[in-house]
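Please find below a colleague's note on the structure under discussion. The points are numbered so that each may be taken up separately.

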Amino acid sequence: LPFRELSTPIDYIREHFADHISVEDLACACNLSVSALERRFRKHLDKTPHQYLTEVRMEHARTLLTDTNKAIGTIALEIGFADHSHFTRAYKKHFGATPKEARLNKVAS
């Protein structure tokens, strides 16, 4: 990464994305205040730490949907969502299609 000051939080998110990570937990793990952490994300990535965490989870979900036959509810739990419907809404907001549609489109393509 060109921005060394984000390498620790980004590595932490990539290793722990399936866990419940609060911005406070992330800041603590990186020895930063929440405001300093959020400033760094906005400065370098133009997004919040939570938005970045969601992106990492969604990319992982997309891979699981296309590369495995795991149930959508199982994938939701594996990437850190407490329930299937919240995951489905987040996925649709992120990609413009539901997880089920994404999986069906993979089969069609």
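Predicted model: local features only at pLDDT ≥ 70, side-chain atom pairs only at ≥ 80, totals over all residues.

1. The protein chain holds 7 helices and 0 strands. Read from the N terminus, its elements follow the order α-α-α-α-α-α-α.

2. Dimensions and surface. Along the principal axes, the C-alpha atoms of the protein chain fill a box of roughly 45 × 25 × 20 Å. Its accessible surface amounts to about 6600 Å², and carbon and sulfur atoms account for 51% of that area. Of the 109 residues in the protein chain, 36% count as buried.

3. Helices H1 and H3. Two packed helices are described by the angle between their axes and the distance between the axes. For H1 (residues 7–16) and H3 (residues 34–45), the axes come within 11 Å and cross at roughly 95°. H1 is therefore roughly perpendicular to H3, since angles of 65 to 115 degrees are classed in that way. On the H1 side the contact is made by Pro9, Ile10 and Ile13, and on the H3 side by Leu37, Phe41 and Leu45. By class, this contact of H1 with H3 comprises 6 nonpolar residues, with no polar and no charged ones.

4. Helices H4 and H6. The axes of H4 (49–67) and H6 (residues 84–95) come within 11 Å and cross at roughly 100°. This angle makes H4 roughly perpendicular to H6. From H4, the residues Glu55, Met58, Glu59, Ala61, Arg62 and Leu65 take part; they meet Phe87, Ala90, Tyr91, His94 and Phe95 of H6. What is the make-up by class of the contact of H4 with H6? It has 7 nonpolar, 1 polar and 3 charged residues.

5. Ser22 in the loop between H1 and H2. Ser22 is found in the loop between H1 and helix H2 (23–29). Is Ser22 buried or exposed? Its relative accessibility is 18%, so Ser22 counts as buried, the limit being under 20%. A polar atom of the Ser22 side chain lies 2.9 Å from the backbone nitrogen of Asp25.

6. Asn31 in the loop between H2 and H3. Asn31 is located in the loop between H2 and H3. Although Asn31 is not a glycine, it has a positive phi of about 55°. Asn31 counts as exposed because its relative accessibility is 71% and the class requires over 50%.

7. Asp46 in the loop between H3 and H4. Asp46 lies in the loop between H3 and H4. Asp46, which is not a glycine, also has a positive phi, here of about 60°. With a relative accessible area of 68%, Asp46 is exposed.

8. Leu77 in helix H5. Leu77 is found in helix H5 (residues 72–78). With a relative accessible area of 56%, Leu77 is exposed. How far apart are the C-alpha atoms of Leu77 and Asp19? They are separated by 9.6 Å, while the two residues are 58 residues apart along the chain.

Methods: Residues numbered from 1 in each chain as written. Heavy atoms only, no water. Axes fitted to C-alpha atoms, helices over the stretch in contact; angles between N-to-C directions. Helix = DSSP H or I, 4+ residues; strand = E, 2+ residues; numbered from the N terminus. Parallel < 35°, antiparallel > 145°, perpendicular 65-115°, else oblique. Contact = heavy atoms within 4.5 Å. Nonpolar A, V, L, I, M, F, W, Y, C, P; charged D, E, K, R; others polar. Buried < 20%, exposed > 50% of the residue type's maximum accessible area, 1.4 Å probe, protein only. Polar contact = N/O pair within 3.5 Å; in protein donor to acceptor, adjacent residues only side chain to side chain. Areas by Shrake-Rupley, 256 points an atom, 1.4 Å probe, with all protein chains shown as cover.
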